Amino acid sequence: MKIILSHDVDHLYWQEHYFKDLYLFGTVFRNTKGLIKGDIDFKLYLKRLKCWGRIHRLVELSNFYGKNNIKANFFFGMSNALHLSYKYRSVTSHVNKLISEGHKVGTHGISFSNARQIDLEYRRFKEISNLNAFGIRNHYLRLNGYTHNLFDQQGYLFDSTIESIMHPFKINDMWEIPISIMDASLVVDSQLNQNLEIWKSNTLLKLEKAIKSQIPYFVINFHDPFFSEDFPVIKEWFIWLVNFFKKESYIFITFEEAVKELNGIN
């Protein structure tokens with residue numbers, strides 16, 4: 001079993017949320033609830049309520065991967081919905097930098113049923129990345145009964161929108177490679193859960209299930225803003241996870257390399 005590390009880039013800066021959505025309100029509400037319940041302390045509460053400046057942690061993740069000689073996948077939004085509110089052209093420099101460092105990039109899709117909108121998102125990403133082949137993961141993992149067919153018809157190399165311990169499967173020319181672990185669903189109240197041992201134990205249970213199921217790829221979906229001291233437990237968990245895989249001699253690959261293996265291309 002090989003490891004695929006992936007990241008959905010949902011946010012760049014706080015100001016993109018000031019007048020377009022309720023993300024700021026949700027942040028204040030969630031952390032106020034956590035403070036009242038005693039899940040987070042006042043110091044962490046104040047850190048999380050600094051709602052200005054940069055949200056993304058692409059630079060920090062890139063530096064971390066550089067030190068560990070690991071390549072990962074990053075998915076960027078090409079339209080807006082559900083608190084993803086940045087302008088798609090604003091990710092161009094990040095996309096190009098990650099490509100130059102050997103990482104792989106793709107679309108963080110919004111539409112899951114509208115063929116015209118799916119085409120627009122595909123063409124936008126192709127334009128800013130200058131890539132001819134790339135994959136997709138939909139925002140909030142939204143799918144319906146024919147989303148995969150639309151993605152395949154659009155020409156996506158792969159999709160990774162399903163969250164399940166299961167084998168990859170093919171939809172015509174496109175591979176679905178499911179997510180094995182996602183930070184937001186690994187523990188209850190993930191942004192407020194400060195018990196690192198629960199994060200670790202839940203991870204090991206998922207890993208044990210994956211080994212028993214003999215899946216070829218164990219896919220991690222980690223949202224980059226959590227690689228921050230604003231989320232010390234989630235960041236520590238992710239660093240522990242990468243170090244665990246390294247210690248156990250797992251091989252890290254990208255979705256693109258996995259597709260080649262699945263297609264029998266050496």
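Good morning. I begin with a contact between two helices: Leu196, Trp199, Lys200, Thr203, Leu204 and Leu207 in α8 meet Val233, Ile234, Glu236, Trp237, Trp240, Leu241, Phe244 and Phe245 in α9. Sorted by class, this contact of α8 with α9 comprises 11 nonpolar residues, one polar residue and two charged residues. Please keep in mind throughout that the model is predicted.

How is such a pair described? Two packed helices are characterised by the angle between their axes and by the distance between those axes. Helix α8 covers residues 196–213 and helix α9 covers residues 232–247; their axes come within 10 Å and cross at roughly 40°. Angles under 35 degrees would count as roughly parallel; α8 and α9 are therefore oblique to each other. The crossing of these two helices, α8 and α9, is right-handed.

I turn now to a second pair, α4 and α5. Helix α4 spans residues 92–100 and helix α5 spans residues 115–129, and the two axes cross at roughly 60°, coming within 9 Å. That angle makes α4 oblique to α5. What is the handedness of the crossing of α4 and α5? The crossing is right-handed.

Which residues bring α4 and α5 into contact? On the α4 side they are Thr92, Val95, Asn96 and Ile99, and these meet Phe125, Ile128 and Ser129 in α5. By class, the contact of α4 with α5 has four nonpolar and three polar residues, and no charged ones.

Is His94 buried or exposed? The relative accessible area of His94 is 16%. Buried means under 20%, so His94 is buried. Leaving aside residues up to four places away in sequence, His94 touches Leu12, His56, Leu58 and Phe76.

Just after α10 comes Gly264, which takes a positive phi of about 75°.

To close, let me return to the two helix pairs. The crossing of α8 and α9 is right-handed, and the crossing of α4 and α5 is right-handed as well. Thank you for your attention.

Key: Residues numbered from 1 in each chain as written. Predicted model: local features only at pLDDT ≥ 70, side-chain atom pairs only at ≥ 80, totals over all residues. Heavy atoms only, no water. Axes fitted to C-alpha atoms, helices over the stretch in contact; angles between N-to-C directions. Helix = DSSP H or I, 4+ residues; strand = E, 2+ residues; numbered from the N terminus. Parallel < 35°, antiparallel > 145°, perpendicular 65-115°, else oblique. Left-handed = near helix turned anticlockwise from the far one by under 90°. Contact = heavy atoms within 4.5 Å. Nonpolar A, V, L, I, M, F, W, Y, C, P; charged D, E, K, R; others polar. Buried < 20%, exposed > 50% of the residue type's maximum accessible area, 1.4 Å probe, protein only.
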